[in-house]
Amino acid sequence: MDTAEKVIIFCFLIEGVCCRDFNISLPNKIKALSGSCVIIKCRFEIKEQYDKHLTERATGVWYKDGTNLNRNVVFNSSTSSRNLLIRGNITGKLKDKDCTTVFYDLRSNHSGLYFFRIESEGRLKHTYIQANVSIDVIESPPKPRVQLYVEQKEVQGQEEVLEVLEGSSVSLRCSAETLCSSPSPTLTWSSTPRIPLSESSRLQELISNLNFTATHREHGVTFTCTITYQLQDKTKTAQDNITLHVQYSPQNTAVSVTPSSSVLEDSSVTLICSSDANPAVNYTWSRESEGQLKQLQTGDTLTFNRTDPTHRGWYHCTAQNQHGSHNSSVKLDIQNAPKNMSALAIPSSSVLEGSSVTLICSSDANPAVNYTWSRESEGQLKQLQTGDTLTFNRTDPTHRGWYHCTAQNQHGSHNSSVMLDIQYAPKNMSFLLIPSSSVLEGSSVTLICSSDANPAVNYTWSRESEGQLKQLQTGDTLTFNRTDPTHRGWYHCTAQNQHGSQSSSVKLDIQYFPQISTSSSCSRTDVTVCFCEADGNPSPELEWHLSGRHVTTSSNTFISEERLSSTVLRSFITLHQSLTNTSTLLCVSRNTRGTASYLFQLPSSVERLNHFSLLIGVAVVALVVMLLSAITCICVRKGNGKLSQTTQEGTKRSDQSTSEVAPHENQDDPVYVMMSSAGAAANQDSVIYSPIVFTKSESQEFGSLSSLDYAVMQDCSKGLLKTESSIGESSRAREAQVIVSANVRMKQTEEELFEDSSQLYAKVKRRNP
């Protein structure tokens with residue numbers, strides 16, 4: 001809404017308040033796009049006496065180019081739109097004196113002057129002929145306007161060509177007066193779709209801002225803003241554009257040489273300098289001389305009409321304008337017959353893998369020479385390419401070797417060589433374990449570390465210990481002459497040179513046969529519970545043998561296992577059955593390296609003692625004491641009379657190895673041994689040992705003498721003597737005081753032993769190791 005419309009409405013309101021007459025407020029002129037719509041802002045006033053007639057059923061009527069009810073009516077709000085010349089709708093509320101109206105699908109013949117009439121109940125019927133609105137239906141939308149803002153300030157220019165400085169903050173604003181349409185019109189930018197749009201709209205005006213930082217790439221670019229109306233039958237557009245001129249410092253400065261940068265001595269050569277800049281630049285030529293730049297001349301060209309070897313070198317061109325400068329350089333090579341030849345590698349003959357290297361071949365020659373590069377391969381030269389340079393953009397170890405450059409013209413040839421050394425950090429690390437990564441305890445093992453690197457690397461060995469790496473030694477080998485389980489674990493080898501390092505690791509596995517822990521034991525309450533713990537690598541297996549038979553989990557036996565570590569296994573066995581004094585329990589551990597066993601001393605015989613057994617024991621002891629007293633008396637009476645006979649009998653029995661083993665079927669049963677009295681007369685304090693003979697199978701069960709119970713015997717010729725306190729060096733021997741009579745015989749059972757009180761037998765049992 002412009003200022004004139006606001007003044008009209010204000011005056012209309014003042015007039016209506018003061019004098020309350022038939023008045024109307026309409027815009028003077030409205031533009032409408034053909035095929036689109038138009039909105040007429042409208043308010044009216046009536047005389048006060050007609051207020052009661054203005055109801056909800058009031059009707060609005062529009063005339064065109066006159067107010068004749070028969071010829072000029074084009075719209076009536078109470079009539080169906082099909083019967084009207086113009087389709088439309090009164091959007092305002094007539095009861096509130098708002099007659100705002102919208103007309104749809106306007107055509108060029110709808111252009112003209114429009115009058116409004118109000119009709120309601122009673123006598124309220126009035127045509128407002130004192131004011132009208134002119135509607136101009138146009139075929140094309142109004143052209144938008146593009147403006148340039150630099151650093152938020154508008155820039156004015158001529159012929160739509162505007163200058164901005166590179167690096168400035170630029171905003172192109174496109175604004176357009178909007179006409180009624182559905183959907184609403186849109187603004188779009190062309191030529192630079194990659195730059196994001198920032199759109200905003202306001203009353204009857206659409207605005208789109210294009211914001212960016214000016215660079216030389218936008219120089220000479222024409223930016224076009226297009227307003228688009230999507231109508232029912234077609235799309236209508238209008239455009240405006242602006243060409244941007246960006247001032248910037250020289251870019252892309254380059255030097256070209258005619259005929260080439262390598263020219264024959266005494267020939268002519270021209271160096272041409274070019275640059276991209278706005279405004280135009282001034283060119284200055286200079287030449288490197290003893291590490292400094294010596295200025296030669298200005299202008300975009302530098303010409304030598306007659307070249308000689310002194311013209312050879314680097315030439316620099318500097319392009320400059322008020323915004324900055326930029327330079328480029330070229331090497332001018334004056335050629336002659338081959339001489340003073342050399343081959344170089346821009347940055348060095350030793351370069352890091354992955355970097356770029358250029359081999360440059362130069363010579364003094366006249367006329368110009370042809371350069372040929374070749375490489376030594378298996379004792380022969382393999383031609384690569386021609387030209388004075390050989391470039392490897394990304395080097396790798398296969399490029400290492402001798403390179404030869406040959407310069408040749410019609411007067412002869414000359415060559416030069418350079419060694420290209422490609423250096424790189426360690427890679428492709430590998431391990432070799434001799435004999436293997438899994439070795440038997442006590443054997444020797446060597447760890448060898450290798451890698452691919454140039455120059456050679458230093459090797460450092462370390463080992464994982466409690467989550468940290470502990471350094472061991474340097475060198476490519478690590479040897480253990482005699483391994484043990486402490487050597488088991490992860491070993492790390494680090495290869496390092498000045499270009500980097502790489503690490504790799506290997507696991508050393510020390511294997512050993514099973515070892516059963518001495519903490520293995522048994523206990524008994526209502527049942528017998530034993531556990532066996534074995535350590536071995538590879539991890540061992542455990543099995544149980546009860547009285548020589550392999551046992552597994554059953555109704556009377558329960559076996560469970562617990563893995564304590566990768567090498568330690570613990571097995572539990574629970575025995576619910578009753579055990580005899582002769583029952584044995586054996587734990588056997590196996591792995592691929594060997595077998596170990598452990599024999600348990602079952603607590604059954606001790607734990608089953610009760611009060612009755614104790615009473616029986618006391619009675620037996622009393623009986624033995626009485627028997628011993630009687631035998632002692634008999635021995636004293638017989639005296640020396642029978643000493644020689646006893647000695648002879650004892651000697652005879654000793655020669656015949658009189659100690660015999662009572663036969664028994666079960667290897668777990670006690671062994672009853674009949675004792676002899678050989679040597680009793682030698683010394684009353686001497687201790688007599690009875691030899692015991694076992695079958696082959698039985699002797700294997702005992703293992704060693706320290707696992708047996710020994711019977712201690714003494715001479716009875718002078719009464720009952722004190723038993724010897726120990727036998728040999730065995731701490732496991734059990735003492736027993738035995739009185740041996742002259743006449744003894746073998747007893748088969750324990751019952752027979754006690755039936756005949758005149759003879760005593762020694763009871764020998766196996767013991768746990």
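**Close-up views of a predicted model**

Cys-317 is buried, at 0% relative accessibility (buried means under 20% relative accessible area, exposed over 50%, partly exposed in between, with a 1.4 Å probe and protein chains only). The model is predicted: local features need pLDDT of at least 70, side-chain atom pairs count only at pLDDT 80 or more, and totals for chains, interfaces and linings use all residues. Residues are numbered from 1 along each chain as its sequence is written, and side-chain values use heavy atoms, with hydrogens and water left out.

**View A. The disulfide of Cys-273 and Cys-317.** The two residues are joined with an S to S distance of 1.9 Å (a disulfide is a pair of cysteine sulfur atoms within 2.5 Å). Cys-273 belongs to strand β21 (residues 269–278) and Cys-317 to strand β25, so the pair ties together parts 44 residues apart in sequence (strands, E, of at least two residues, and helices, H or I, of at least four, are DSSP runs numbered from the N terminus). The link is left-handed, with -95° about the S-S bond. Cys-273 is buried at 3% relative accessibility.

**View B. The surroundings of His-316.** His-316 sits in strand β25, which covers residues 313–321. With 13% relative accessibility, His-316 is buried. Its side chain makes a polar contact of 2.9 Å with that of Glu-288 (a pair of N or O atoms within 3.5 Å; within protein, one must be able to donate a hydrogen and the other to accept it, and residues adjacent in sequence count only if both atoms are side-chain atoms). Beyond four places in sequence, the contacts of His-316 include Trp-285, Leu-293 and Ser-328 (contact means heavy atoms within 4.5 Å).

**View C. The disulfide of Cys-361 and Cys-405.** The S to S distance is 1.8 Å. The torsion about the S-S bond is about -95°, so this disulfide is left-handed. Cys-361 lies in strand β29 (residues 357–362) and Cys-405 in strand β33 (residues 401–409), 44 residues apart. Cys-361 is buried at 2% relative accessible area, and Cys-405 is buried at 0%.

**View D. The disulfide of Cys-532 and Cys-587.** These cysteines are joined at 2.1 Å, S to S. Strand β43 (residues 528–537) holds Cys-532 and strand β48 (residues 585–591) holds Cys-587, so parts 55 residues apart in sequence are tied together. Cys-532 is buried at 0% relative accessible area, and Cys-587 is buried at 0%.

View E. Residues 605–612 have pLDDT under 50 (pLDDT is the predictor's confidence in each residue, from 0 to 100). The chain average is 77.
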